[in-house]
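Hi,

Here is the structure I said I would pass on.

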Amino acid sequence: MSAEEVLFYYQDEAQMTRGDLHLFKAPAWLNDRCINFYFRVLEHEEFAGRPDLLFLDPVVVSCMLIQCTDEEDLKELAGGLRLDTRSIVFIPINDAEEFFSGCTHWSLLVFCTGGKGEGKSGSFFHFDSSCGRNESAAMKTAAQFWRMFTILEGRDVIAGRQCPRVDAINDCPQQENGYDCGMYLLGMTKYVAHLFVTQGSGVATRRGSVAKEGENDEGSGTCSVAGGKGSRLDTTGLGAHVSSDAMGELRRRIAQKIEQLAGRVSP
Amino acid sequence: MKKTNPLYHSSSSTLANQARTMATVKTDTTATEPKSESITLRVKDQTGEETMFKVKKTTKMEKVFASYAGRKGVNVDSLRFLLDGQRIEKHQTSAELELEDEDQIDVMLEQLGGC
């Protein structure tokens, strides 16, 4: 059977081939389709009731970085992504910065959009399972994302405001092998989204001001992605949920899900 | 004040009439033979290079993808095609995607990561 054989289209948004399924077997590396598949599962199943959470397809991220050269392109993309309705955005980072350059590493950039109006701000948090290897790619992506975000929101509100600092999460769980970064990206996305939904509580709090620059200096490694005074999102439990063993288990669960979906759809 | 040039005036209205005629003819053709309608698509890669494809609206995108990959000498499975920031899949047609003449499709390479 060919690796290119299409097993199914998940929600008409994510194509899975037999080859992609095999990538969920360690020690294979995950590709952008694997990432996109699980992101769509998070969107449509795990966080179905929360359309304010945006899980960006890696291909859309690279499109934003490389293909969107002028403001018109960025505005169109922002509109298509309905960025104005989102409160948190999960952005997969890959170190393939140019068309033909090799890519080796995935990490997670989280953007909290903050509230509307005057108190408007935004915050970036970078979760890297390999001691900050993707730092420059994350900063570059954050800058372009911020450009897109400010274009959409209207320059009068945040005119001239510089791209917020990208806060590296110091105690981000570290992978113990040379193949799991894609899984860490998936595991951390799920866990941070879960924290945001549970700890972020009501819409009113989440719409409040988000951690301002320097606010999370004390207690380094703690990321306050939920908004509002006194409402902090504590990521210290991340290590316990995203570990080598947990990621091995998540690999098995995702592969099993793909096999189930394939069985249901194919003749 | 400058006088209106009668010659210029008449010629311009003739042109306007011609344009209208052409537009009508075009509409008629579309109405009678919708199946044969073809459009030109621009496939743009990450280096900004564009490749043009003339396709029928009923043709599956699979043909465009395979032809593009063949021209570039790469495996079609390692390419990702996007329309306005959304992935497009090989079973879709130009008509289903509501593609119009001169529309642009972006193409990107597969991304991988592990270590």
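Searching the whole structure, which is a predicted model, turns up three cavities of 30 Å³ or more. A cavity here is a set of points on a 1 Å grid over the protein atoms alone where a 1.4 Å probe fits but cannot get out, and a pocket is an open set with protein on both sides within 12 Å along at least five of seven lines; lining residues have an atom within 4 Å of a point. Grid points are joined across faces, edges and corners, and a volume is the space filled by probe spheres set on the points.

The housekeeping: residues are numbered from 1 along each chain as its sequence is written, while chains are lettered from A and ligands numbered from 1 in the order in which they are written. Local features need pLDDT of at least 70, side-chain atom pairs count only at pLDDT 80 or more, totals for chains, interfaces and linings use all residues, and side-chain values use heavy atoms, with hydrogens and water left out.

The largest cavity holds about 80 Å³. Its lining includes Trp106(A), Ile93(A) and Gln111(B). H3(A) gives the most, with four residues, and strand S5 (88–94) and helix H5 (135–153) of chain A each supply at least two. (Helices are DSSP runs of H or I, at least four residues, and strands are runs of E, at least two, numbered from the N terminus.) The lining has eight nonpolar residues, four polar and no charged; Ala, Val, Leu, Ile, Met, Phe, Trp, Tyr, Cys and Pro count as nonpolar, Asp, Glu, Lys and Arg as charged, and the others, Gly among them, as polar.

Now the pockets. The largest has a volume of about 630 Å³ and 29 lining residues, with Glu13(A), Arg40(A), Glu43(A), Leu81(A) and Gln86(B) nearest its centre. H2(A) provides the largest share of that lining, four residues, and the lining splits into 13 nonpolar, six polar and ten charged. The second largest pocket has about 310 Å³ of space. Of its 14 lining residues, Asp73(A), Glu76(A), Asp84(B), Gln104(B) and Asp106(B) are the closest to the centre. Here H4(A) gives the largest share, four residues, and S5 (104–109) of chain B is among the elements that supply at least two.

Strand S3 (79–83) of chain B supplies at least two residues to the lining of the largest pocket. Five of its five residues are buried, so S3(B) is largely enclosed by the rest of the structure (buried means under 20% relative accessible area, with a 1.4 Å probe and protein chains only). Leu79(B), Phe81(B) and Leu83(B) are buried on one side, as are Arg80(B) and Leu82(B) on the other. S3(B) runs antiparallel to S5(B), joined by four bridges, and Phe81(B) sits opposite Val107(B). Two bridges join S3(B) to S4(B), also antiparallel, with Leu82(B) partnered by Arg87(B). (Two strands pair if DSSP finds at least two bridges between them.) In that hairpin, which has two residues between the strands, Asp84(B) takes a positive phi near 50 degrees.

As for chain A, there are ten helices and eight strands, and 54% of its 267 residues count as buried.

Cheers

How values were computed: Buried means under 20% relative accessible area, exposed over 50%, partly exposed in between (1.4 Å probe, protein chains only).
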